[in-house]
Amino acid sequence: MQYVATVDMSYGLQAMNCVAQGALDRGPLSSIRLIPCPRLDYDPIQSHELGELAVTTGVWPLYEVQEGVLKLYGKTREIAEGRYKRGPVRTIC
C-alpha cells in the first residue's frame, strides 16, 4: 500500500485532508472510516459526540501511513505525546 489512513467523520477537515492526500498518491490506497451508526440504539443526534469519544478514548486512533512512514494526527498525536489525557472507556446507559 502506498497510502493508508484512518478517518473519523467527527473530524471532518482531517478526514477531507486524508482523502485528498490519498487521491494524490499513485498506487494502492486504503482509507478506513469511522461513522457511528444510529442502528446501534442511540439518538442519531449523538453521532458526532460518539465519533469524538472514539478518538479521545483511544479506541479509534487517527493515523496515516505514506510509503511506510507512520504519522499520527489530531487528538491521537496529542495522546501519544502526553499533551492530552486519554478519556475513559465506559458504558453509556
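A salt bridge is taken here as a side-chain nitrogen of Lys or Arg within 4 Å of a carboxyl oxygen of Asp or Glu.

I worked from a predicted model, in which local features need pLDDT of at least 70, side-chain atom pairs count only at pLDDT 80 or more, and totals for chains, interfaces and linings use all residues. Residues are numbered from 1 along each chain as its sequence is written, and side-chain values use heavy atoms, with hydrogens and water left out.

**Entry 1: salt bridges.** I found three salt bridges in the structure. E64 pairs with K71, their closest N and O atoms lying 3.8 Å apart. I then looked up accessibility (buried is under 20% relative accessible area, exposed over 50%, partly exposed in between; 1.4 Å probe, protein chains only). E64 is buried at 11%, whereas K71 is partly exposed at 45%.

I next noted K75 with E78, at 3.4 Å between the closest N and O atoms. Both residues lie in helix α3 (residues 75-80), three residues apart, about one turn of the helix. K75 is partly exposed at 24%.

E81 and R83 form a salt bridge at 2.8 Å, N to O. E81 is partly exposed at 48%, and R83 is exposed at 53%.

**Entry 2: Y73.** I listed the contacts of Y73 (heavy atoms within 4.5 Å). Beyond its neighbours within four places in sequence, Y73 touches T6, V7, Q14, C18, L62, Y63 and E64.

Definitions and conventions. Helices (H or I, at least four residues) and strands (E, at least two) are DSSP runs, numbered from the N terminus.
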